[in-house]
Amino acid sequence: MFNFLRRTVSSQVHDFTGNTAMKNLGIINRHIYRNLKVPEYYEMCLNKEPANPLTKSTTINSTGALCAYSAKATGRSPKDKRIVLEETSKDDVWWGPVNIPISEKSWLINKQRTIDYLNNRPYLYVVDGYVGWDLRYRLKVRVVTTRAYHALFMHNMLMRPTEDELANDFDNVDYQILNAGEFPADKNTEGVTSQTSVNVNFKEKMMVILGSQYAGEMKKGIFGICNYVMPKQGIVSLHASANEGEKGDTTLLFGLSGTGKTTLSADPHRRLIGDDEHCWSDQGIFNIEGGCYAKCINLSKENEPEIYNSIKFGAILENIGFFPETREVNYADISITENTRCSYPLEFIPNVKIPAVGGHPKNVIFLTCDAYGVLPPVSKLTPEQTMYHFMSGYTAKVAGTEIGIIDPIPTFSACFGEAFLALHPATYAKMLAEKLVKHGANCWLINTGWSGGKYRIGKRMSLKLTRRILDEIHAGNLDNVPTTTMPVFGLHIPNSINGVPDDVIHPRNSWANKEDYDFTARKLAQAFIDNFKKYESGSSPEIKQAGPKLD
């Protein structure tokens with residue numbers, strides 16, 4: 001099989017090994033496979049990936065998806081991300097715990113360590129693709145990696161060029177990712193604190209990865225690059241999914257992991273634009289990616305048919321188990337990680353919109369999984385509340401998922417994506433505010449978390465109920481309904497919603513112990529207030545007053 005594969009791609013190997021750009025990088029590996037087809041990636045994954053005691057064997061499941069494993073790292077390593085401190089970007093980057101600087105000297109050590117490893121592997125894979133569906137703003141990206149599964153992942157997640165574009169448009173690229181994730185970083189290097197080091201250099205327009213085989217590092221690394229590049233062109237980049245109704249009305253859905261951003265964007269009654277990362281320009285919105293990266297824990301055909309049916313030939317199931325007798329996926333299996341994932345091209349969703357662009361949003365929705373059971377299932381936000389909640393980026397870490405956690409833990413992530421922000425959060429908030437005012441979008445806060453009590457006591461909002469609320473929003477039925485102002489939080493809650501029980505709409509009514517609700521609400525409000533102190537100096541008095549208030 002391998003001899004056949006070599007014959008089918010031999011011209012690609014020969015042509016690209018001598019590529020000037022690769023030589024300039026110092027990559028002299030003699031076996032470079034560039035832009036393979038999906039079956040070829042499968043063959044390389046199954047037959048030629050080097051044995052690794054930390055990596056389970058790659059297999060194919062009953063629906064034809066590739067089951068791949070990322071070894072020890074089953075999620076991103078934000079504490080190991082570094083941005084190179086250099087003269088072209090040092091005054092722009094939001095330095096601190098999110099963007100930790102690394103010196104140019106240490107960057108050169110990590111870069112050379114990466115290249116040395118790439119040159120000493122039996123095979124390399126090169127994937128060329130576009131970032132951003134709007135032709136006016138798209139970036140050309142090249143990925144060089146040692147694992148075929150990583151190459152197929154990026155084949156799914158980037159926009160796939162035509163043969164003519166590959167031949168004529170990729171002599172030079174805008175950014176490069178060099179992934180040597182199987183090889184550890186040297187902890188003796190200044191600024192490196194573990195065997196993992198993910199570095200971005202905006203001057204050299206390059207990212208290198210050492211010590212992590214988790215594919216999501218590449219995906220989110222590109223998003224971080226967009227968060228630096230796009231605002232400089234007057235475009236706000238957003239950690240949000242998007243879809244479009246039959247009348248062309250566009251909705252943006254913001255949310256952190258686990259809030260339902262991917263699930264709710266895959267709406268059978270609306271066309272999917274994208275599930276995770278978008279930009280908003282003067283012409284409208286466009287998806288950054290060419291694929292989706294959906295969480296798979298407890299996935300079911302009944303609740304999420306669009307995602308479930310996308311797990312087929314060409315898709316990658318990452319770090320998930322299956323029943324060995326049938327090769328059927330066990331979506332409840334969290335023996336490797338709770339962060340089980342699936343990567344698939346956009347076109348696997350039956351009602352996807354290609355090109356993945358849309359008009360200016362009519363509705364902007366902030367999703368939060370409130371495990372305290374305090375927030376209502378939906379509330380309409382004023383412009384000031386919109387900015388407050390955008391900069392807060394609240395959700396809750398569910399109790400019981402980590403050792404020692406008994407109660408829910410509030411989690412705040414600025415702009416619903418703090419870990420990926422290259423610039424100060426106020427930059428994105430200001431740009432979003434200008435877009436919202438100019439285009440008159442309605443803004444909503446939707447709680448996909450608990451009702452009737454906090455985690456372990458109440459019940460989680462059903463997906464059916466949340467979809468019902470979204471249907472009412474899209475139909476315009478909640479635009480001008482009478483509302484009640486929620487004590488402490490000041491949120492405007494619709495008095496009634498067709499198909500939603502009244503006691504669920506008003507969260508305090510759903511609690512058996514009203515005093516316990518009031519205590520929990522005040523506790524959550526204090527967490528909001530404490531978190532927002534770091535943004536007060538850059539916020540207007542109106543935005544400061546838009547948050548919770550305690551007497």
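Which domains does the domain assignment of the protein chain give? Colour the predicted model by two selections: residues 20-43 + 77-233 for domain 1, and residues 248-255 + 364-546 for domain 2. The C-alpha centres of domain 1 and domain 2 are separated by 35 Å. To display the contact between the two, show the 13 residues of domain 1 that touch 10 residues of domain 2.

**The largest cavity**

The structure contains 6 cavities of 30 Å³ or more, and the largest has a volume of about 200 Å³. Select K81, K220, G221, G224 and A419, which are the closest to its centre among the 19 residues that line the largest cavity. Both domains take part: domain 1 and domain 2 each contribute at least three residues to this lining.

Now show the secondary structure around the largest cavity. At least two lining residues come from each of strand 4 (81-84), strand 9 (197-201) and helix 7 (216-229). Helix 7 contributes the most, with 5 residues. Colouring the lining of the largest cavity by class gives 11 nonpolar, 4 polar and 4 charged residues.

**Helix 4**

Select residues 104-119, which form helix 4. For the buried face of the selection, display the side chains of S106, W107, N110, K111, T114, I115, Y117, L118 and N119, the buried residues of helix 4. An α-helix has 3.6 residues a turn, so residues three or four places apart point the same way.

**Strand 25**

Move to K397, in strand 25 (residues 394-397). K397 has a relative accessible area of 35% and is therefore partly exposed. Draw a distance from K397 to P408: the C-alpha atoms are 5.8 Å apart, although the residues are 11 apart in sequence.

Select I354 and P355, where the connecting peptide bond is cis, with omega near 0°. P355 belongs to the loop between strand 21 (341-345) and strand 22 (357-358).

Continue to R327, in the loop between strand 19 (322-323) and strand 20 (328-329). R327 is not a glycine, yet its phi is positive, at about 65°. Its relative accessibility is 35%, so R327 counts as partly exposed.

Finish at R456, in the loop between strand 28 (450-451) and strand 29 (459-460). The phi of R456 is also positive, near 85°. Is R456 buried or exposed? R456 counts as exposed, because its relative accessibility is 60% and the cut-off for exposed is over 50%.

Definitions and conventions. Residues numbered from 1 in each chain as written. Predicted model: local features only at pLDDT ≥ 70, side-chain atom pairs only at ≥ 80, totals over all residues. Heavy atoms only, no water. 1 Å grid on protein atoms, 1.4 Å probe; cavity = no way out; pocket = protein on both sides within 12 Å on 5 of 7 lines; lining within 4 Å. Points joined across faces, edges and corners; volume = space filled by probe spheres on them. Helix = DSSP H or I, 4+ residues; strand = E, 2+ residues; numbered from the N terminus. Nonpolar A, V, L, I, M, F, W, Y, C, P; charged D, E, K, R; others polar. Domains from an automatic or database assignment. Expected span 1.5 Å × (residues − 1). Buried < 20%, exposed > 50% of the residue type's maximum accessible area, 1.4 Å probe, protein only. Contact = heavy atoms within 4.5 Å.
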